[in-house]
Structures are given as structure tokens and as C-alpha cells.
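Biologist: Before we look at anything in particular, I would like to learn how to read a model feature by feature. Could we take the general idea each time and then the case at hand?

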Amino acid sequence: MDKYRCTACGNLTRFDIVETTTVRSFHHYTVGGELTIEEPEVVSRVVDAVSCRWCGHGRGVEVLVEDE
């Protein structure tokens, strides 16, 4: 998961994230119709939008790169 920083207000902790995620999973239904979802695997994840919860916009939000 990415970490973010808002350059407008300095926020490092509160963001609204809109993402599209594709998950492959095993769906097991009992004879009685109860569903159990097992082995979820994220196949793809795309972040569509990020906005700062403090100042309310995404114009100043940047992705923080961690040092390796």
C-alpha cells in the first residue's frame, strides 16, 4: 500500500482513496445455501483518486517513496 502526504496542509494520516480492485476467490455454498468465501487473492489494484481528508482536495497529494 502506498503512503501519501498532502503538500497543501501537511497531512500524513487521513485520506479518502477511490480504488478499483479485482479479486479472485473460491465461493463455497453449502447445501442449505450459506456462502463462505475462501482464498481471496488480489489480482489487480488501481488507485483512481486520492483526496486529503483535512483540506478536502487532492491537488497537493503526493505518494511518499520509502527508502530501500
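Biologist: Let me start with accessibility: is Cys55 buried, partly exposed or exposed?

Modeller: This is a predicted model, so every value we discuss is computed from it. A residue counts as buried under 20% relative accessible area and as exposed over 50%, with partly exposed in between. Because its relative accessible area is 33%, Cys55 is partly exposed. Cys6, by contrast, has 1% relative accessibility and therefore counts as buried.

Biologist: How many disulfides are there, and how do I decide?

Modeller: The test is the distance between two cysteine sulfur atoms, which must lie within 2.5 Å. By this rule there are zero disulfides. The closest cysteine sulfur to that of Cys6 belongs to Cys55, and because the distance is 3.6 Å, it is too far for a bond.

Biologist: What is the overall layout of the protein chain, read along the sequence?

Modeller: I would begin with the secondary structure, where the protein chain shows zero helices and four strands, in the pattern β-β-β-β. Its radius of gyration is 18 Å, well over the 11 Å that the globule rule gives for 68 residues, so the chain is more spread out than a compact globule. Along the principal axes, the C-alpha atoms fill a box of roughly 55 × 30 × 15 Å, and buried residues make up 13% of the 68 residues.

Biologist: Which residues make up the largest nonpolar core?

Modeller: Such a core is found by joining buried nonpolar residues through their side-chain atoms. Here it has six residues, namely Tyr4, Cys6, Phe15, Val50, Cys52 and Val61. Strand E1 and strand E3 (35-52) each supply at least two residues of this core. The covered face of E1 carries Tyr4 and Cys6, while Lys3 and Arg5 are on its uncovered face.

Biologist: How does E1 pair with strand E4, and what is the bridge partner of Arg5 there?

Modeller: For pairing, one looks at the bridges and at the direction of the strands. E1 and E4 (residues 61-64) run antiparallel and are joined by four bridges, and Arg5 has Glu62 as its bridge partner in E4.

Biologist: Where is Val61 found, and what does it contact beyond its sequence neighbours?

Modeller: Val61 is found in strand E4, and because its relative accessible area is 18%, it is buried. Leaving aside neighbours within four places in sequence, Val61 is in contact with Tyr4, Arg5, Cys6, Phe15, Val50, Ser51 and Cys52. A distance of 46 Å separates the C-alpha atoms of Val61 and Thr30, which are 31 residues apart along the chain.

Biologist: Turning to the loops, where is Asn11, and what does its side chain reach?

Modeller: Asn11 is in the loop between strand E1 (3-6) and strand E2 (15-29), and with 0% relative accessibility it counts as buried. Its side chain reaches the backbone nitrogen of Thr13 at 2.8 Å. Not counting residues up to four places away in sequence, Asn11 touches Tyr4, Arg5, Cys6, Cys52, Arg53 and Trp54.

Biologist: Which backbone nitrogen does the side chain of His57 reach?

Modeller: The side chain of His57 reaches the backbone nitrogen of Arg59, at 3.1 Å. His57 lies in the loop between E3 and E4, and because its relative accessibility is 19%, under the 20% limit, His57 counts as buried. Beyond its neighbours within four places in sequence, His57 is in contact with Ala8, Ser51 and Cys52.

Note on methods. Residues numbered from 1 in each chain as written. Predicted model: local features only at pLDDT ≥ 70, side-chain atom pairs only at ≥ 80, totals over all residues. Heavy atoms only, no water. Buried < 20%, exposed > 50% of the residue type's maximum accessible area, 1.4 Å probe, protein only. Polar contact = N/O pair within 3.5 Å; in protein donor to acceptor, adjacent residues only side chain to side chain. Contact = heavy atoms within 4.5 Å. Core = buried A, V, L, I, M, F, W, Y, C linked by side-chain atoms within 4.5 Å. Pairing = 2+ DSSP bridges. Rg over C-alpha atoms; globule rule 2.2 N^0.38 Å.
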